[in-house]
Amino acid sequence: MKYMLIKTYSEAAYCDSPIHEWEPKDIEAHIDFQRALGEQLAASGELVEAQGLAGPDQARIVSSDGRSAPVVTDGPFPETKEFLAGYWIVDVDSAERAVEIAAQASAAPGPGGKPIGEYIEVRAIMSAPPTDQ
Amino acid sequence: MTFPPSGDTEDLLRELRPQVLGVLVRRFGDFAAAEDALQEALVAAATHWPTDGLPDNPRGWLIQAAHRRMTDAIRADAARRNREAVAAGREPTRPADITTPDRDDTLALFFLCCHPALSPASAIALTLRSVGGLTTAEIARAFLLPEATMTQRITRAKRRVAALNRPFAVPESGQWHERLGAVLHVLYLIFTEGHASTSGRQVRRADLSAEAIRLTRAVHGQLPDDPEVTGLLALMLLTDAHRAARTGPRGELIPLAEQDRRLWDREAITEGVRLTTAAIGHGLTGPYRIQAAIAVLHAQATSTEDTDWDRILSLYRLLERVAPNPLVTLNLGVATAMAHGPSAGLDLIAAHQDQLSGTHRLAAVRAHLYEMAGDTPSAVAEYTVAANSTPSVAERDYLILRAARLRGEVGPDRS
């Protein structure tokens, strides 16, 4: 079954500073962690896709009534915490495994190497066929 | 008859592919059917040649095999529609087609796949598929797209060229320059796509930079005296020579100034320098030649300090006149800073602010120049803006780290 693990720009549970304010060695450790996690999930055959999104500064919000010209709102937006920052799509054997991966991702290292407790949303992807009961 | 190792057969088939496809399309005028027939012939060759031995004339063998399949397909088609005229009107392939490689055929295929009627994305896909011989799946993976999307893109591109008037004609002299320019542009886009994708995803056989170099070599083989073709090949070789040095252990981008130049590919540089010398012998009048000349000056320097920035600056000025675009202006700003100091560079960029506001590199270049000028707070601020706006993960990681290291140098001021 497939799950999407979603990261937003909301603050992490145990870290209140954004990455660009960390020490270089902490940033390096964080980048290494993310890379290793991606490689681990690829090696275990569970990774479907992982993408990071460009910053909310470049986001545009579009709405249309289907007739007149669409309304396009440009950034920067005053409130960006809810914006999607990136996602993994994993194909795993159980919901527990998806949660386990999310927990591992959440504990990415931050300042001083301490886990930052990033909030990861775990969402089942609906195209999955029903399982036999 | 010789028995080639299977890898050699594969290389040979890839080299012959555009030549044979060119002959078939020209004779039958049906691009899609020619590709199908060639595909079958290539599979037959890949199966038979390693065991039965290489035929004396591999190209002729492929043409005949594909020709037979096309004729069969046309006959079957004609019979189905109860129309015999089509097949009856076909003559067998002229002997000349089989024995002498017809130079025009490969070129004509390039012109067709890079036709100005196609969008760049379609032309890239069609070129990689039809001239390069990559599978649709490989092209899709190289561009991180679903295979169904790539299949559609290629199908639509083929349909588009099929609707053109005399699509497979080599352009007449009046159009030659523009059409060749379109081919070179597509090859350059394929190259830069490969050069920019440092996401660490390895795609078997579909390494886009290597493929772009291979295809540009093929065009150069057909037009050895065209200085822009030569210049583009040189530019690709000189740029690709940095490959091993341009990313760090974390996949982050390493800028030219900080690269370990011992990791540069000397063989590629030697060839690039030789080609550039030949190309600029025709005058410094084309954008690829000028860029190759700049790349040579970088390649010949042992460090940033040792680089001939005055000459690079004058080449960028020339390039801005010949082929102006925002990236050239930014590079002109960097070269100005290196030759005459960072404030001169910042002034030049400020003077062109309006044209540059759309490029994500603007903040990164300004950050570098502020750093050179010793204005650390402005540099950190610009690096952070740049990190938030780059579409490349490797570049973002580099920019975040660069800002963090700079901040570390001035102390833990987090105001």
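Which residues in helix 19 of chain B are buried? The legends below, which describe a predicted model, begin with that helix.

**Figure 1. Helix 19 of chain B and the residue that follows the helix.** The buried residues of helix 19 of chain B are B:Leu362, B:Ala363, B:Ala364, B:Val365, B:Arg366, B:Ala367, B:His368, B:Leu369 and B:Tyr370. This helix covers residues 361–373, and its 13 residues should span 18 Å at 1.5 Å a residue. After helix 19 of chain B comes B:Gly374, which has a positive phi near 85°.

**Figure 2. The packing of helix 2 and helix 3 of chain B.** Two packed helices are described by the angle between their axes and the distance between the axes. For helix 2 (residues 31–52) and helix 3 (residues 58–80) of chain B, the angle is about 130° and the axes are 8 Å apart. Helix 2 of chain B contributes B:Ala33, B:Ala34, B:Ala37, B:Leu38, B:Glu40, B:Ala41, B:Ala44 and B:Ala45 to the contact. From helix 3 of chain B come B:Trp61, B:Leu62, B:Ala65, B:Ala66, B:Arg69, B:Met70 and B:Ala73. By class, the contact residues comprise 13 nonpolar, no polar and two charged.

**Figure 3. The packing of helix 11 and helix 12 of chain B.** Helix 11 (residues 208–222) and helix 12 (residues 227–240) of chain B have axes that come within 9 Å and cross at roughly 155°. Because of this angle, helix 11 of chain B is roughly antiparallel to helix 12 of chain B. The crossing of these two helices is left-handed. On helix 11 of chain B, the contact is formed by B:Ser209, B:Ala212, B:Ile213, B:Thr216, B:Arg217, B:Val219 and B:His220. On helix 12 of chain B, the partners are B:Val229, B:Thr230, B:Leu232, B:Leu233, B:Met236, B:Leu237 and B:Asp240. This contact has eight nonpolar, four polar and two charged residues.

**Figure 4. The contact between chain A and chain B.** Here, 16 residues of chain A are in contact with 16 residues of chain B. Helix 1 (residues 24–43) of chain A supplies six residues, the largest share of the side of chain A that touches chain B. That side of chain A has six nonpolar, four polar and six charged residues.

Key. Residues are numbered from 1 along each chain as its sequence is written. Chains are lettered from A and ligands numbered from 1 in the order in which they are written. This is a predicted model: local features need pLDDT of at least 70, side-chain atom pairs count only at pLDDT 80 or more; totals for chains, interfaces and linings use all residues. Helices (H or I, at least four residues) and strands (E, at least two) are DSSP runs, numbered from the N terminus. The expected span of a helix is 1.5 Å times one less than its number of residues. A residue is buried if 20 or more other C-beta atoms lie within 10 Å of its own, exposed if 12 or fewer, and partly exposed in between; C-beta atoms are placed from the backbone. Axes are lines fitted to C-alpha atoms, for helices over the stretch in contact, and angles run from 0 to 180 degrees between N-to-C directions. Two residues are in contact if their C-beta atoms, placed from the backbone, lie within 7 Å. Ala, Val, Leu, Ile, Met, Phe, Trp, Tyr, Cys and Pro count as nonpolar, Asp, Glu, Lys and Arg as charged, and the others, Gly among them, as polar. Angles under 35 degrees count as roughly parallel, over 145 as roughly antiparallel, 65 to 115 as roughly perpendicular and the rest as oblique. A crossing is left-handed if the near helix is turned anticlockwise from the far one by less than a right angle, and right-handed if clockwise.
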